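Dear colleague,

My notes on what was found in it follow directly after.

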Amino acid sequence: MIVVDKLRMVYGKSVAVDIEHLVIEAGTTALVGHNGAGKSTLLLIATGLLRPTGGTVDIDGRRAGSIAARELVSFVPDQPSLFDDLTLWDQMVYVARLHGSAEPGASSMHLIETLDAFELLERFPTAMSKGQRQKASLLVATARPLAVLLADEPTTGLDAEAKTAFVEALSSLVEQGISVVSSTHDDELIERSTNSIRLAGGRVIQADDAAAGPPPDPDGSSGVGSTLKPGERSDRWARRKGADPTD
Amino acid sequence: MLSGMAAPGKKLSDDLYSLYLAGIAWLLLPVYGNGLAVVLPSDVSGFERTLDVMAAVVIAGSAWIGFRGGPFLINRAGVLHELLSPRRLRTSLLPRMLRQGVAYAALGAIAVTVLLAMSDAESFGFAEAARSSVVAMLAMLVSVGCAVGWLVVFKGVSRHRGVIGVVNLIVAALVAGLVAAGVSLASGTGLGVLGICVVGSTIVAMISLDLVPVDHLWRRASALEDMRSAMLSFDFQQVLVSLRRAIDHTEGRSKANVARPWMPLQLWRYLASVEHGWHARLGQFVIAVTATAMILVWTDPADGIIALAIAGIGFVVGIELSSPVASTTGQLVFLVHYPRPSASILRRQTATAVALALVLGSIAVGWKIAIDPAIGISVLGLFVFGTLAAAAQGRLGSPDLAQMASILGPGGLGPALWARALFGPMMALALTIVVSHGWLHPDPLNAPWETLVMLVVLGAAVVATYPLEKRS
């Protein structure tokens, strides 16, 4: 479970994230919203790759970025980040060993099969296509023990067949007890997710199913995410869109 | 073979790229920088005074290095998988800091050699050259240590920033004060103070390592990779935007961070062309052969400056050849975790370096042997030395002492590993002594510098072929 509390990320005068309270339950969660909505920023903060201006993100009670949290969280960035000088299999072994495992576990084997990635194992990243690098990125990220996988637009650049396999792979992780949180614009991935959270302007404007947290700020004046119930939109967001908030 | 050969890509370890550029500078400076001889003092005290000022500037300049992101050069994969692994940042970053320190120390000693050659310092002997090299090496070590602290001061959020900054300022002030007071850093007092500064700055750096902001390293790594990508597509504006983002983290394009008119785009065009595929290496090979031939045809190899230039070519060739292995050895805990045996790879690598050195060296010998056999053989020796020095230098990060120590304890580190870690500076120091002693300023004691060269070459061969992985 990921708990976001009074989270705020500001670049200069621009507010990238402003979430009063948000709880992301176990399962597959899709973070959706337009470009600049704050999806990637939220994921980066949860990973520990971005220091928020204020507030906290806790993963199963462990503060994001701490050593304890790093044991639980793995991240698939929007641009695959791989070691150019190791084959895919060597990278998986290397990352597994960094986390105290001798080799990637059985779940990795299952994922390799799901992604039909056997032929990639002995390849170097420089000899892979964009889509293959995406697959490799997921395999490396899951080659170690983890409880939460954060993925930033993981299906971007994949063809239809590869995308289906990729979404299937992400779903299979949940069966192994791994929660998956993805930022995405992809309908297929959104449909397969058990939870969906819509962001706009750095705020939560819609949280379906188990995603909405308790509202610590009853007047809703700050941190719109805190005041939402599933299916609701914030007054502020509605005003910005020029719509009736009661629509 | 490792990636650099099996998948020749655009990636070269960043610090090796710095060494590569330094090697080019080393090659070009002696050949085209003879004019500096007029500027540099030719007496011992004058030279040491110049060196003292440069050392003080280098240490003070560590603040700029820290502001620009510190001495760590780490790619996105390194940040993502190594720094975000469940271990202390100090464990992950210490090997990188050590590696940078050792590489910079070696370069400091080499720089002193070049300056000695240019200064035409007739009165220099063995002891003066060695002392000057040690001063340069210590100053570089202090600079790297302080740079880590400055990174935390400028980019971190720790409440210890103030203390770290004060200690760094004291270190810089101590050295600057000594120089201002006219005390030579090459004297006993000066070397003592520099030694204390090395210890102090290293302790502060060790403390700072756990406070380094990972988000900063991630953004910097991302910006640098964007920059490389933009270079390949000749998008120079994006190159400059990425470059500035790597330094100040300004997001996106704006009037403030687009290309400045005074920045020379031609430079970036040149850098973009330095793609590290096989064709680039072939081009460098041709350039090295041509440059060697031209130097031999139009100059006198007995001249110390020319000798340095030839050794410099060897150094650059060695850096290029050792880059695939070295880029891998830059990874954290390589020694412990790398999943493949490395001995055969390293032996092939060294064999390639030696073979190429022999090809180039034979040109030198072939040309000069008819004129002066002694000079021809000496040139060959110097060339092989430079190549092997670079091949071993490129692997300085391989022992990953910190990680080894954290797992095995200090007692678990064999003497061979420690020797390898210290080999780079020792080799650079030996190069300084050999060149200044043997080529520039004949030793009144008639020391056997040829033997020294042979010993260093043998040592380099051992270092370059020692397996990297953990012995089970």
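Please bear in mind throughout that this is a predicted model. The notes begin with confidence, then take each chain in turn.

**Confidence**

For the complex, the predictor reports an ipTM of 0.82 and a pTM of 0.69. Chain B has a mean pLDDT of 65, with 38% of its residues at 70 or more. Among the elements of chain B, the highest mean pLDDT, 94, belongs to helix H9 (residues 161-180), and the lowest, 28, to helix H1 (residues 3-6).

Over residues 324-340 of chain B the pLDDT stays under 50, although the model has 65 contacts beyond four places in sequence for them. Residues 468-472 of chain B also stay under 50, and for these the model has 12 contacts beyond four places in sequence. Where pLDDT is low, the predicted coordinates should not be read in detail.

**Chain A**

Chain A contains nine helices and 10 strands. Of its 247 residues, 52% are buried. When contacts between residues at least 6 apart in sequence are considered, 65% of those in chain A join residues at least 24 apart.

One helix pair was examined in chain A. Helix H3 (residues 88-98) of chain A packs against helix H5 (residues 130-141) of chain A at an angle of about 25°, and their axes are 8 Å apart. Because angles under 35 degrees count as roughly parallel, H3(A) is described as roughly parallel to H5(A). H3(A) contributes Leu88(A), Gln91(A), Met92(A) and Val95(A) to the contact, while H5(A) contributes Ala136(A), Leu139(A) and Val140(A). The crossing of H3(A) past H5(A) is right-handed.

Two aspartates of chain A may interest you for their backbone geometry. Asp60(A), although not a glycine, has a positive phi of about 50°. Asp60(A) sits in the loop between strand S4 (54-59) and strand S5 (62-63) of chain A. With 16 other C-beta atoms within 10 Å, Asp60(A) is partly exposed. Asp116(A) likewise is not a glycine and has a positive phi of about 50°. Its loop runs between helix H4 (106-114) and H5 of chain A. Asp116(A) has 13 other C-beta atoms within 10 Å and is therefore partly exposed.

**Chain B**

Chain B has 21 helices and zero strands. Buried residues account for 52% of its 472 residues. Among contacts in chain B between residues at least 6 apart in sequence, 81% link residues at least 24 apart.

The buried residues of H4(B) are Val44(B), Phe47(B), Glu48(B), Leu51(B), Asp52(B), Ala55(B), Ala56(B), Val58(B) and Ile59(B).

Finally, Ile110(B) is found in helix H7 (residues 89-119) of chain B. Ile110(B) counts as buried because it has 29 C-beta neighbours inside 10 Å, where 20 or more are required. The C-alpha atom of Ile110(B) is separated by 8.9 Å from that of Ala136(B), which is 26 residues away along the chain.

With kind regards

Technical notes: Residues numbered from 1 in each chain as written. Chains lettered and ligands numbered in written order. Predicted model: local features only at pLDDT ≥ 70, side-chain atom pairs only at ≥ 80, totals over all residues. Buried ≥ 20, exposed ≤ 12 C-beta atoms within 10 Å, placed from the backbone. Helix = DSSP H or I, 4+ residues; strand = E, 2+ residues; numbered from the N terminus. pLDDT = per-residue confidence, 0-100. Contact = placed C-beta atoms within 7 Å. Axes fitted to C-alpha atoms, helices over the stretch in contact; angles between N-to-C directions. Parallel < 35°, antiparallel > 145°, perpendicular 65-115°, else oblique. Left-handed = near helix turned anticlockwise from the far one by under 90°.
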